[in-house]
Amino acid sequence: MRRMVAMMVLLVSAVAAPVAGGAAEGTGAVYGEVIDAVTERPVADVCVRVYGAEMTPTEFSAVSNSDGGYEIGGLPPGEYILEFDDCEADAYATVHDAVIITAGKAVVAHQFLALNAGYGSIVGFVHDEESFESIAGICVDLFMAADDILVTRTLTGSDGGFQLNPPVGDYRVRFKGCEGNSYETQWYDGAAGWETSSVVSVADHQVVLGIDAAMVPVPVAEGAVVWGYVVDGVTAEGVAGYCVSVYHGESKVSTVLTGPDGGYEMEIDSVETRLKAWACEGHEDLGTVWYIDGLEFGDADGFVPAAGQVTQLETIVVGDVRFSDAIDSIFHSDIVWLAQEGVTAGCNASRTLFCPGAPVTRGQMAAFIHRALGDVLEPKGEVTFTDDDGSIFEADIEWLASVGVTDGCGDGTYCPDDKVTRAQMAAFLHRALGDILVGEGTIDFADDDGSIFEDDIEWLASVGVTTGCGEADFCPQDHVTRAQMAAFLHRALGK
């Protein structure tokens with residue numbers, strides 16, 4: 001236990017040696033510990049602010065660490081008032097005390113704080129179950145007893161001890177490895193989960209002692225090597241100098257930087273792992289993405305890398321991540337262009353996917369052309385079909401017919417759910433753009449002879465929208481995928 005001192009600042013004579021990073025030439029420093037007046041435990045997360053003699057604000061401040069320590073350097077000589085305030089809570093009463101700073105000297109100023117009414121304390125110690133050594137840096141989380149709501153968190157100090165200062169009430173306490181510690185999570189008193197943990201009741205100004213934990217180390221697993229790429233969702237190019245961090249549970253254990261091509265490689269333990277790609281200091285912020293495609297920790301996919309093996313991970317996409325499933329497509333630039341022009345918003349409600357390999361239906365085709373050319377082509381009259389009532393593409397389909405791009409599929413129908421073939425795609429574009437794009441020369445394909453769409457196909461090639469599907473072939477009966485459709489539209493409309 002620390003030596004008890006009256007509740008006042010303990011000012012020790014200035015010493016010649018400045019604290020590390022504290023008193024520089026022509027300036028002074030102040031440092032000390034913040035201590036609970038009853039338990040004599042160090043108090044973390046206390047804001048220590050420096051004011052002028054007349055309570056004028058200054059730029060100097062610090063926050064006490066898990067051992068209650070604080071340090072403020074670079075203070076010009078003079079009289080100051082230190083304010084000790086429970087900056088993230090209201091458990092302790094704010095205290096002010098005066099110090100005198102001398103050039104080249106470091107003043108020691110310890111402060112004892114008293115709890116406000118309506119608060120109590122929970123005190124305990126954490127040690128390793130196998131070695132019985134105290135463990136610093138263990139996260140101690142306080143939850144409401146009635147529901148699983150996190151109230152506050154603190155870290156164990158260098159002696160393995162901690163103190164929480166909650167309002168009067170009933171609580172449950174969780175202990176988990178963090179700050180690089182690998183220990184199995186447990187609840188007080190040794191419980192495996194919130195529901196079975198013992199309730200800790202706190203009364204006004206009561207100190208609840210003995211809320212201890214013996215932590216079980218997580219076995220050290222054989223190492224694994226993982227590698228992958230971080231790429232820009234717009235350009236599809238690798239992002240150099242981006243941070244990729246490894247998390248075991250909620251604890252960050254290591255970080256690497258991506259190389260010139262956006263690649264990274266790391267050796268990690270073969271335990272459940274999560275990865276986060278984020279903008280390092282000084283790098284353009286393209287967003288934080290949890291592997292794979294998660295925007296926060298709870299969206300992350302945990303995985304266990306194979307021990308002793310090298311594993312390639314899926315690409316992490318930052319920046320515009322609307323179409324992360326198209327990042328590896330050879331038509332990626334066409335897909336991005338299509339989105340930027342407002343022709344597509346993707347294939348899911350959250351607009352994060354494009355479904356590049358999915359076939360295009362006739363209803364979708366009508367929507368794509370309508371969005372792209374709605375301000376260019378003029379309707380010539382109202383046209384209706386008998387099989388598009390209730391379709392989300394009904395307005396697009398009837399517009400497409402009204403501008404002369406389609407007559408439907410027969411007997412007053414449009415067949416909105418039928419898949420579009422490459423030959424039909426050629427016909428759609430030829431009818432829509434035939435008066436706008438003029439071809440150069442004649443290009444003949446070997447496999448479109450006799451097709452009712454032969455003229456459309458050869459026009460499409462003559463204006464540079466297609467080179468076919470192979471040597472001298474167009475593959476007119478193949479269905480068009482959404483990615484291929486993006487390429488056709490980009491090449492045609494981009495002209």
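This is a predicted model: local features need pLDDT of at least 70, side-chain atom pairs count only at pLDDT 80 or more; totals for chains, interfaces and linings use all residues.

Reader: At what angle do helix 2 and helix 4 cross?

Author: First, the terms. Helices (H or I, at least four residues) and strands (E, at least two) are DSSP runs, numbered from the N terminus. Axes are lines fitted to C-alpha atoms, for helices over the stretch in contact, and angles run from 0 to 180 degrees between N-to-C directions. Now the case. Helix 2 (residues 362-373) and helix 4 (residues 422-433) cross at roughly 25 degrees, and their axes come within 12 Å. Angles under 35 degrees count as roughly parallel, over 145 as roughly antiparallel, 65 to 115 as roughly perpendicular and the rest as oblique. Helix 2 and helix 4 are therefore roughly parallel to each other.

Reader: Is the crossing of helix 2 and helix 4 left-handed or right-handed?

Author: A crossing is left-handed if the near helix is turned anticlockwise from the far one by less than a right angle, and right-handed if clockwise. The crossing of helix 2 and helix 4 is right-handed.

Reader: Which residues make the contact?

Author: Contact means heavy atoms within 4.5 Å. Helix 2 brings Arg 362, Met 365, Ile 369 and Leu 373. Helix 4 brings Gln 424, Met 425, Phe 428, Ala 432 and Leu 433. Next, sort by class. Ala, Val, Leu, Ile, Met, Phe, Trp, Tyr, Cys and Pro count as nonpolar, Asp, Glu, Lys and Arg as charged, and the others, Gly among them, as polar. The contact of helix 2 with helix 4 has 7 nonpolar, 1 polar and 1 charged residues.

Reader: How do helix 4 and helix 6 pack?

Author: The axes of helix 4 and helix 6 (residues 482-493) lie 12 Å apart, at an angle of about 25 degrees. These two helices are therefore roughly parallel to each other. Their crossing is right-handed. Arg 422, Met 425, Leu 429 and Leu 433 of helix 4 meet Met 485, Phe 488, Leu 489, Ala 492 and Leu 493 of helix 6. By class, that contact has 8 nonpolar, no polar and 1 charged residues.

Reader: How many residues of helix 5 are buried?

Author: Buried means under 20% relative accessible area, exposed over 50%, partly exposed in between (1.4 Å probe, protein chains only). In helix 5 (residues 454-462), 7 of the 9 residues are buried, so helix 5 is largely enclosed by the rest of the structure. Among the buried residues are Asp 456, Glu 458 and Trp 459. Their cover includes helix 4 and helix 6. Just after helix 5, Gly 464 has a positive phi of about 85 degrees.

Reader: What describes a pair of aromatic rings?

Author: A pair of aromatic rings is described by the distance of the centres and the angle of the planes. Rings of Phe, Tyr and Trp (its six-membered ring) pair if their centres lie within 6.5 Å; planes under 30 degrees apart count as stacked, over 60 as edge-to-face and the rest as tilted. This rule gives 8 aromatic pairs. Take Phe 162 and Phe 175: their ring centres are 5.9 Å apart and the planes are at 70 degrees, so the pair is edge-to-face. Phe 162 is in strand 12 (residues 161-164) and Phe 175 in strand 13 (residues 169-177), so the pair ties together parts 13 residues apart in sequence. Phe 162 is buried, at 2% relative accessible area. Phe 175 is buried too, at 0%.

Reader: Which residues does a cis peptide bond join?

Author: Look at omega. Tyr 188 and Asp 189 are joined by a cis peptide bond, with omega about 0 degrees. Asp 189 sits in the loop between strand 14 (186-187) and strand 15 (200-202).

Reader: Where does Asp 411 lie, and is it buried or exposed?

Author: Asp 411 is in the loop between helix 3 (394-402) and helix 4. Asp 411 is exposed, with a relative accessible area of 81%. Its phi is positive, about 55 degrees, although Asp 411 is not a glycine.

Methods. Residues are numbered from 1 along each chain as its sequence is written. Side-chain values use heavy atoms; hydrogens and water are left out.
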